[in-house]
Amino acid sequence: METKKEILAEFKRLGFSLIDEKKVFGSITFGEISIEVTICIDQDFPFKAPIIFLETISGKKELYKNIPYKWRHLDEWVLSQNPRDSKFTICCLHNWVPQGKNNARFICDRIYSWLKSNITETWDPEEDLPTSKIIPKQATVARLILSNEFIESCMKELKPKEKKLYKLIHSKYKFKGTGATVTAKLKWTESDK
């Protein structure tokens with residue numbers, strides 16, 4: 001596996017600009033759609049996957065307005081109540097493990113594949129989930145905001161179900177034309193309490 005320094009140098013060879021000692025900036029294009037991304041490689045690389053921030057879509061920076069509704073595998077970092085302040089990360093490095101093949105070319109290819117899948121709406125079933133957003137497996141500062149209605153509906157599901165009490169009612173079984181016998185006929189009925 002390449003070191004952080006080697007992978008940053010490889011990104012530079014692929015046309016990315018070095019922002020600082022742990023970030024690169026560049027663009028990836030599929031068809032007529034181009035995205036700009038910032039790739040952050042922190043001190044835990046290669047044991048932790050790089051974080052890929054989506055910066056623009058075809059030059060448009062207001063992502064909260066311009067991300068197509070059907071795009072998948074994006075994680076929103078909610079930084080304030082204002083949606084303009086949100087940042088979006090691309091979740092395309094599924095099942096990341098430190099391997100020699102996971103170099104800058106591999107990361108760029110995964111971003112390209114993610115962009116292509118979103119544009120063509122064709123996903124590899126092994127890498128896709130039936131949701132528009134997923135939470136990354138690795139540590140993130142992203143927050144998931146749940147409505148009170150959703151929480152209340154979950155709480156109703158978690159409440160223990162009321163148990164029904166039954167009482168046994170039995171009566172003497174009578175044969176036609178004879179007296180009562182000791183044989184009991186059993187019947188379960190729902191109790192009032």
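This is a short tour of the structure above, stop by stop, with something to select at each one.

**Before you start**

You are looking at a predicted model, in which local features need pLDDT of at least 70 and side-chain atom pairs count only at pLDDT 80 or more, while totals for chains, interfaces and linings use all residues. Residues are numbered from 1 along each chain as its sequence is written, and side-chain values use heavy atoms, with hydrogens and water left out.

**Stop 1: the whole chain**

Show the chain as a cartoon. Its secondary structure comes to four helices and eight strands; helices (H or I, at least four residues) and strands (E, at least two) are DSSP runs, numbered from the N terminus. Of the 193 residues, 30% count as buried. Here, buried means under 20% relative accessible area, exposed over 50%, and partly exposed in between, with a 1.4 Å probe and protein chains only. Among contacts between residues at least 6 apart in sequence, 50% join residues at least 24 apart; a contact means heavy atoms within 4.5 Å.

**Stop 2: the sheet**

Next, colour strands S1 to S6. They form an open sheet in the order S1-S2-S3-S4-S6-S5, with antiparallel pairing. Two strands pair if DSSP finds at least two bridges between them. Select 17–20 and 74–77 to see the edge strands, S1 and S5, each of which pairs on one side only. On average, neighbouring strands of this sheet are turned by 35 degrees against each other, direction ignored. For this and later angles, axes are lines fitted to C-alpha atoms, for helices over the stretch in contact, and angles run from 0 to 180 degrees between N-to-C directions.

**Stop 3: from strand to strand**

Start with S2 and S3, which pair in the antiparallel sense over eight bridges. Select Ser27 and you will find Glu36 of S3 opposite. In the hairpin of these two strands, two residues lie between them, and Gly31 takes a positive phi near 60 degrees.

Now move to S3 (33–40) and S4 (51–57), an antiparallel pair with six bridges. Ile39 faces Ile52 in S4, and Cys40 faces Ile51 in S4.

Further across, two bridges join S4 to S6 in an antiparallel run, with Leu54 opposite Phe88 in S6. Keep Phe88 selected: S5 and S6, also antiparallel, are joined by four bridges, and there Glu76 stands opposite Phe88.

**Stop 4: Thr38**

Zoom in on Thr38 in strand S3. Is Thr38 buried or exposed? With a relative accessible area of 8%, Thr38 is buried. Show the side chain of Glu55 too: the side chain of Thr38 makes a polar contact with it at 2.9 Å. A polar contact is a pair of N or O atoms within 3.5 Å; within protein, one must be able to donate a hydrogen and the other to accept it, and residues adjacent in sequence count only if both atoms are side-chain atoms. Leaving aside residues up to four places away in sequence, Thr38 touches a set of residues including Ile19, Val24, Phe25 and Phe53.

**Stop 5: helices H3 and H1**

Select 104–120 for helix H3, which lies across S2, S3, S4, S5 and S6 and runs at about 40 degrees to S2. To see where they meet, show Ile7, Glu10 and Phe11 in H1 with Ala104, Arg105, Ile107 and Cys108 in H3.

**Stop 6: the loops**

In the loop between S3 and S4, find Pro46. A cis peptide bond joins Phe45 to Pro46, with omega about 10 degrees.

Go on to Pro98, in the loop between S6 and H3. Pro98 counts as partly exposed, at 38% relative accessibility. Pro98 and Lys48 are 50 residues apart in sequence, yet 7.8 Å apart in space, C-alpha to C-alpha.

Finish with His73, in the loop between helix H2 (63–66) and S5. His73 has a phi near 60 degrees, a positive value in a residue other than glycine, and is buried, with a relative accessible area of 1%.
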